[in-house]
Amino acid sequence: WLMSKNSKINIAFIAAECAPLAKVGGLADVIGSLPSALPKDKTNVVVIIPAYETILKEWTKKFTKKVERIKVKFNSSIKTAIIHQVIINSVPIYLIENKEYLSTGPIYPRPDASSSGSEEEAKRFLFFSQAALDLVQKLEIQPQIIHCHDWHTGIIPYLIKSRKLSFKTILTIHNLAYQGVYLASIVNRLLEVNFSTKLVNCLQQGILNADYVTTVSPSYAQEILTPEFGRGLSPILQKIKDHLVGILNGLDLNAYNPANDPLIAVNYSLSNLRLKSRNKLFLQNKFSFEQSVEIPLLAMICRLTPQKGVVLLRDIVPRLMEQNLQIVILGTGLPSYESVLKLFNRRYPRRFHAEIGFNNRLAHQIYAGSDIFLMPSRFEPCGLGQMIAMRYGTIPVAHAVGGLKDTIRDGKNGFLFKNYQAEDFYQLIERSISFYRQSEKWLQIQRMAMQSDFSWRRSAREYLKLYQLVKLDKFC
């Protein structure tokens with residue numbers, strides 16, 4: 001742990017992902033970026049994540065601290081956890097290794113990162129939560145605040161409160177749809193607790209027991225108070241709404257910068273935006289499309305899940321393909337969605353390409369090479385795709401929810417539709433293409449998009465204010 005002055009706040013981030021070590025979704029980007037964005041003269045931050053199998057294979061040579069072991073009481077016996085450390089962007093990251101629960105197999109049982117509710121999953125993340133809580137109590141300098149993230153660590157505020165530990169806690173909800181619900185009999189046995197209900201909802205326990213709850217955009221914080229977006233937890237969220245805050249995620253501007261991005265074909269910036277078109281020609285050539293800067297190239301990068309509005313795109317692809325445009329999709333997820341996209345690949349081989357899987361280099365090439373970025377999400381806690389797209393001068397067409405509504409100004413740096421209907425989505429794509437065909441208007445929108453401020457600085461200031469409130473017990 002970094003040495004601390006009395007004026008500094010010591011914070012431990014506990015999460016299931018952290019870029020670049022382990023990344024499935026946007027959670028990893030937040031944990032990989034926010035700690036280093038916090039002011040170092042006011043905070044000391046460490047991050048704690050599981051030492052997944054992939055991390056142990058790829059990062060061992062960069063570990064910076066000799067191996068230590070801690071004993072963890074779990075499942076009616078004493079387990080050993082091995083603690084590694086790696087420092088990234090000046091932030092110490094502690095990795096908890098245990099072959100039985102954490103360090104074998106993929107990060108999540110399901111490829112879309114949703115909670116399966118299985119005992120195997122319960123063992124993984126309940127063990128991680130218990131081991132992380134044991135670890136923070138053994139650190140040389142104790143954290144005053146434990147900042148938990150999503151359902152994987154939602155049980156920690158409950159454990160802290162029930163065991164009368166002195167830590168303050170914050171829970172950040174990155175996606176309310178994933179909650180980590182397990183049989184109480186399993187949770188009681190693994191953690192030696194005494195829930196009397198049939199089921200234990202880990203995210204719910206975090207909401208009820210944390211000192212403060214945050215979401216990753218202001219609009220999402222308001223939306224989840226309603227039955228439509230609350231995923232069954234809106235009554236509980238209503239009860240704690242005075243301690244509920246929405247803070248918009250930021251973007252790692254170094255990782256996503258078309259001026260020096262090593263993963264794209266041709267670098268460009270606001271001052272030479274015309275070079276962006278070379279990335280488009282590169283992408284068209286890559287997928288055997290007709291090479292023309294005149295043809296609108298639409299793109300979508302996402303997990304293929306119901307949340308992301310894949311059904312809206314599915315329903316309008318045949319109509320879109322009647323026009324002179326091209327579509328590129330990158331993602332993986334539900335087999336039924338993957339099958340439909342593969343069907344479109346066969347049906348429209350020169351104008352539609354869906355790449356099933358995830359490839360970071362290709363993702364950057366798509367952000368740089370496409371004209372219009374599609375985000376018809378049914379709900380979107382924050383969304384990073386629209387921010388990245390705008391950074392690359394690619395204009396988002398999105399559903400006006402959550403963080404999409406907070407970052408896109410309709411007709412200024414992107415386009416928004418209000419009703420979650422395929423026809424509304426289609427009409428907005430038509431509108432965006434009409435702007436695209438007016439080069440001066442389009443250039444103006446591109447410039448507005450690229451000048452949008454998505455840095456972590458503003459968000460880090462908001463988090464610092466919250467940490468200071470929590471530390472002093474001064475709640476709004």
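Guide: Let us settle the element names: helices (H or I, at least four residues) and strands (E, at least two) are DSSP runs, numbered from the N terminus. This is a predicted model, in which local features need pLDDT of at least 70 and side-chain atom pairs count only at pLDDT 80 or more, while totals for chains, interfaces and linings use all residues. Residues are numbered from 1 along each chain as its sequence is written, and side-chain values use heavy atoms, leaving out hydrogens and water.

Visitor: With those names in hand, where does D150 sit?
Guide: D150 belongs to the loop between β6 (145–149) and α4 (155–162). Its phi is positive, about 65°, although D150 is not a glycine.

Visitor: Is D150 buried or exposed?
Guide: The terms first: buried means under 20% relative accessible area, exposed over 50%, and partly exposed in between (1.4 Å probe, protein chains only). D150 has a relative accessible area of 6%, so it is buried.

Visitor: Which loop holds S90?
Guide: S90 lies in the loop between β4 and β5. Phi is near 70° at S90, again a positive value in a residue other than glycine. Here the relative accessibility is 47%, so S90 counts as partly exposed.

Visitor: What is the peptide bond from A19 to P20 like?
Guide: That bond is cis, with omega near 5°. P20 is placed in the loop between β1 (9–14) and α1.

Visitor: I would like to read the empty spaces next.
Guide: Rolling a probe the size of a water molecule over the atoms shows where empty space is left. On a 1 Å grid over the protein atoms alone, a cavity is a set of points where a 1.4 Å probe fits but cannot get out; a pocket is an open set with protein on both sides within 12 Å along at least five of seven lines; lining residues have an atom within 4 Å of a point. Grid points are joined across faces, edges and corners, and a volume is the space filled by probe spheres set on the points.

Visitor: What volume does the largest pocket have, then?
Guide: About 1100 Å³. Its lining counts 47 residues, with K23, V24, G25, G26 and R303 nearest the centre. Two or more lining residues come from each of α1 (26–37), β12 (297–301), α12 (360–369), β15 (372–375) and α13 (385–391). The largest share, 4 residues, is that of α12.

Visitor: Which kinds of residue make up that lining?
Guide: For the classes, Ala, Val, Leu, Ile, Met, Phe, Trp, Tyr, Cys and Pro count as nonpolar, Asp, Glu, Lys and Arg as charged, and the others, Gly among them, as polar. The lining of the largest pocket has 24 nonpolar, 15 polar and 8 charged residues.

Visitor: Which residues lie nearest the centre of the second largest pocket?
Guide: A19, P20, D29, A255 and Y256 do, out of a lining of 23 residues.

Visitor: What lines the second largest cavity?
Guide: K65, K66, E68, I83, H84, Q85 and Y94 do, around a volume of about 30 Å³. Strand β4 (residues 77–88) gives the most, with 3 residues.

Visitor: How many salt bridges does the model contain?
Guide: A salt bridge is a side-chain nitrogen of Lys or Arg within 4 Å of a carboxyl oxygen of Asp or Glu. The count by this rule is 14. One of them joins E97 and K99 at 2.5 Å, N to O; E97 is buried at 11%, whereas K99 is exposed at 51%.

Visitor: Which parts of the chain does the bridge between R189 and E119 link?
Guide: The N to O distance is 2.8 Å in that bridge. R189 is in helix α5 (residues 184–191) and E119 in helix α3 (residues 119–136), 70 residues apart. Together with K123, these two residues are linked in a network of salt bridges.

Visitor: And K308 with E380, are they buried or exposed?
Guide: Both are buried, and their closest N and O atoms are 3.0 Å apart. K308 lies in the loop between β12 and α10 (310–320) and E380 in the loop between β15 and α13, so the pair ties together parts 72 residues apart in sequence.
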